[in-house]
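Subject: Structure handover

Hello,

I am passing this structure on to you. Please open it and keep it beside this note while you read.

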Amino acid sequence: MDIEIPYSAELKRKAVHLSSLWMVAFTLLMPRYFSCGRWIACAVFAGLLLLTLVSEHSYARKGKYLGRLYGIIFGKMLRKEVTPDMWVVSGGAPVLAAALMVNLIFPAPVAAVSLTVMLIGDTAAALIGRKFGRHKAPNGKSWEGVAAFVFCGYGALALVSFLAGTAGIFYLAGIPAVLLAAAAELFEKQLHLDDNFTIPMCVGLVITAALFL
């Protein structure tokens with residue numbers, strides 16, 4: 001069952017979310033400096049995903065060591081009540097799964113901007129939506145949060161596209177890509193998929209389609 005966490009805990013949660021921006025730099029730089037850099041990135045994300053799943057499972061099972069450490073660091077940030085039969089209890093695993101998938105499927109610049117939109121857009125939507133949300137949107141969210149996602153997500157996409165030296169099509173395709181990603185975040189419950197996973201996939205698919213046109 002989802003639980004309402006304090007705004008202070010939400011701030012900590014999103015600080016952890018933003019700390020994952022290292023994955024954007026890692027995604028861009030590894031192929032640039034290593035011939036097999038893409039596969040190194042995939043291996044790192046796969047290993048971290050496995051570690052996260054094991055840690056969360058241990059926490060749900062009240063493990064003495066790994067589970068206890070996980071609880072100390074992340075316990076107060078969780079949005080779901082933990083039961084012994086649960087496996088994934090946070091958004092960390094979908095973030096790492098998304099990082100793995102976009103690196104497997106898309107070129108490095110596309111993968112990087114896809115992760116950026118998820119990390120920046122989702123953070124802006126949560127923090128601004130909770131603090132300033134006045135106009136209700138579907139699924140208990142706010143239109144202020146949706147707007148924050150779109151503007152901040154596109155701004156972040158444009159910045160990373162510029163830093164990566166991508167083609168101009170990234171800026172044009174970024175508009176429908178971010179709008180589709182915002183819809184995926186807004187209708188997460190109906191999709192039955194974590195938005196940390198669907199957002200990067202939406203962005204990556206739209207930009208890749210634009211590159212082929």
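Where is N139 found? N139 sits in the loop between helix 6 and helix 7. Please bear in mind that this is a predicted model. More on N139 below, after the overall picture.

**Overall picture**

The protein has 10 helices and 0 strands. Along the sequence, the pattern reads α-α-α-α-α-α-α-α-α-α. Of the 213 residues in the protein, 47% are buried. Take the contacts with a separation of 6 or more: residues 24 or more positions apart account for 71% of them.

**Helix 6 against helix 10**

Start with helix 6 (residues 108-132) and helix 10 (residues 195-212). Their axes come within 8 Å and cross at roughly 140°. That angle makes helix 6 oblique to helix 10. The crossing is right-handed. On the helix 6 side, the contact is made by V110, V113, S114, L115, V117, M118 and D122. Helix 10 contributes D195, N196, I199, P200, V203, G204, I207, T208 and L211. By class, the residues of this contact are 10 nonpolar, 4 polar and 2 charged.

**Helix 8 against helix 10**

Helix 10 also packs with helix 8 (residues 169-186). The angle here is about 150°, and the axes are 8 Å apart. Helix 8 and helix 10 are therefore roughly antiparallel to each other. This crossing is right-handed. From helix 8, the contact takes in I169, F170, A173, P176, A177, L180, A181, A184 and E185. From helix 10 come D195, T198, I199, C202, V203, V206, I207, A210 and L211. The contact of helix 8 with helix 10 has 15 nonpolar, 1 polar and 2 charged residues.

**I207**

I207 is worth a look in the viewer. I207 is placed in helix 10. Buried or exposed? I207 has a relative accessible area of 0%, so it counts as buried. Which residues does I207 touch, not counting those up to four places away in sequence? They are V110, V113, L157, F170, A173 and A177. In the pairing of helix 6 with helix 10, V110 and V113 are on the helix 6 side. In the pairing of helix 8 with helix 10, F170, A173 and A177 are on the helix 8 side. I207 and S114 are 93 residues apart along the chain, yet their C-alpha atoms are separated by 9.0 Å.

**Helix 7 against helix 8**

Next, turn to helix 7 and helix 8. Their axes come within 9 Å and cross at roughly 145°. The crossing is right-handed. Helix 7 brings W143, V146, F149, V150, G153, Y154, L157, A158, S161 and F162 to the contact. Helix 8 brings F170, Y171, G174, I175, V178, L179, A181, A182, E185 and L186. These residues divide into 16 nonpolar, 3 polar and 1 charged.

**S161**

S161 lies in helix 7 (residues 143-164). Its relative accessibility is 0%, so S161 counts as buried. What lies 2.7 Å from a polar atom of the S161 side chain? The backbone oxygen of L157 does. Leaving aside neighbours within four places in sequence, S161 is in contact with V113, T166, F170 and Y171.

**Loop residues**

Now back to N139. N139 has a positive phi of about 65°, although it is not a glycine. Most residues other than glycine have a negative phi. N139 is partly exposed, with a relative accessible area of 24%.

H192 has a positive phi too, of about 60°, and is not a glycine. Where is H192 found? H192 is in the loop between helix 9 (188-191) and helix 10. Its relative accessible area is 70%, so H192 is exposed.

S20 is another loop residue to look up. S20 lies between helix 1 (7-19) and helix 2 (22-33). Its relative accessible area is 15%. The cut-off for buried is under 20%. S20 is therefore buried. Beyond its neighbours within four places in sequence, S20 is in contact with V95 and L119.

Best wishes

Conventions: Residues numbered from 1 in each chain as written. Predicted model: local features only at pLDDT ≥ 70, side-chain atom pairs only at ≥ 80, totals over all residues. Heavy atoms only, no water. Helix = DSSP H or I, 4+ residues; strand = E, 2+ residues; numbered from the N terminus. Buried < 20%, exposed > 50% of the residue type's maximum accessible area, 1.4 Å probe, protein only. Polar contact = N/O pair within 3.5 Å; in protein donor to acceptor, adjacent residues only side chain to side chain. Contact = heavy atoms within 4.5 Å. Axes fitted to C-alpha atoms, helices over the stretch in contact; angles between N-to-C directions. Parallel < 35°, antiparallel > 145°, perpendicular 65-115°, else oblique. Left-handed = near helix turned anticlockwise from the far one by under 90°. Nonpolar A, V, L, I, M, F, W, Y, C, P; charged D, E, K, R; others polar.
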